[in-house]
Amino acid sequence: MHVFIVGGFLGSGKTTVLLSLAKLYTGEGKKVAIIVNESGEVGVDGATIKAEGLSATELPEGCICCSLVGSLQATLREIKRDVDPDILIIEPTGLALPHKVKQFVHTSMIEEDSCSIIGLADAERFDILIEKKENFYKMQMSGSDIILINKSDIASKETVDRITSWFSRNYPAKPVFPVSARTGEGMDALYRFTESR
């Protein structure tokens, strides 16, 4: 089982990326399981995923890297035992630190090298996030194995180039790609990355 954690701030497009990945793998005949962590009482992301014909386990009202650690670890063990999927995709809340989620995945009896973090940046709101939450944002993206600059279809080339430069300066070893999860533009970079896992 390989685990993908799709991390990023609120509204960055995590659910859309998750759906693209899930459809890619189910289209290849692989068994996919999904865990969605939502901070509110109403599971909007979970409902969206189910509307696409996919099954999702929801962990609502809390954060899986803080208050819901026990629930996450129990859910991981249940999924491994009962479903035994080829691929597990986890979507934490927009306020989670994906590298902490990865640590909890490792302590839940899943192999060390079987977990990848996809960091999602929002091209539309990048400047305001850096202005108001730069330290948190850097922590959130620090564990990413690949960084996608989402919504590149509605951002100017100059904006995308500037955001790419920011990531290249702060995380020189991480691959960075502009994408549009909505239109599918550039998503082949993610698919190539996932194939190498």
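Student: Which elements do the buried residues of α7 pack against?
Tutor: In this model, which is predicted, the buried residues of α7 pack against the helix α1 (14-27) and against the strands β1 (2-8), β5 (115-122), β6 (146-150) and β7 (176-178).

Student: And which residues in α7 are buried?
Tutor: Helix α7 covers residues 188-195, and within that helix A189, L190, F193 and T194 are buried. These residues lie on the same side of α7, because they cover an arc of only 135 degrees around the axis.

Student: How do the axes of α1 and α7 cross?
Tutor: They come within 11 Å of each other and cross at roughly 55 degrees. Angles from 65 to 115 degrees count as roughly perpendicular and those under 35 degrees as roughly parallel, and α1 and α7 are therefore oblique to each other. As for the handedness, α1 passes α7 in a right-handed crossing.

Student: New topic: what about the axes of α5 and α6?
Tutor: The axes of α5, which spans residues 126-141, and α6, which spans residues 157-170, come within 13 Å and cross at roughly 30 degrees. That angle makes α5 roughly parallel to α6, since angles under 35 degrees count that way. Here too the crossing is right-handed, with α5 passing α6.

Student: Which residues meet there, and what classes are they?
Tutor: On the α5 side F126, D127, I130, E134, Y137, K138 and M141 take part, and they meet R162, I163, W166, F167 and N170 in α6. The residues of this contact divide into seven nonpolar, one polar and four charged.

Student: Zooming out, how many helices and strands are in the protein chain?
Tutor: The protein chain has seven helices and seven strands, and reading along the sequence gives the pattern β-α-β-α-β-α-β-α-β-α-β-α-β-α.

Student: What percentage of the residues in the protein chain is buried?
Tutor: Of the 197 residues in the protein chain, 51% are buried.

Student: And what share of the contacts joins residues 24 or more positions apart?
Tutor: Taking the contacts in the protein chain with a separation of 6 or more, 74% are between residues 24 or more positions apart.

Technical notes
Residues numbered from 1 in each chain as written. Predicted model: local features only at pLDDT ≥ 70, side-chain atom pairs only at ≥ 80, totals over all residues. Heavy atoms only, no water. Axes fitted to C-alpha atoms, helices over the stretch in contact; angles between N-to-C directions. Helix = DSSP H or I, 4+ residues; strand = E, 2+ residues; numbered from the N terminus. Parallel < 35°, antiparallel > 145°, perpendicular 65-115°, else oblique. Left-handed = near helix turned anticlockwise from the far one by under 90°. Contact = heavy atoms within 4.5 Å. Nonpolar A, V, L, I, M, F, W, Y, C, P; charged D, E, K, R; others polar. Buried < 20%, exposed > 50% of the residue type's maximum accessible area, 1.4 Å probe, protein only. Arc of directions from axis to C-beta.
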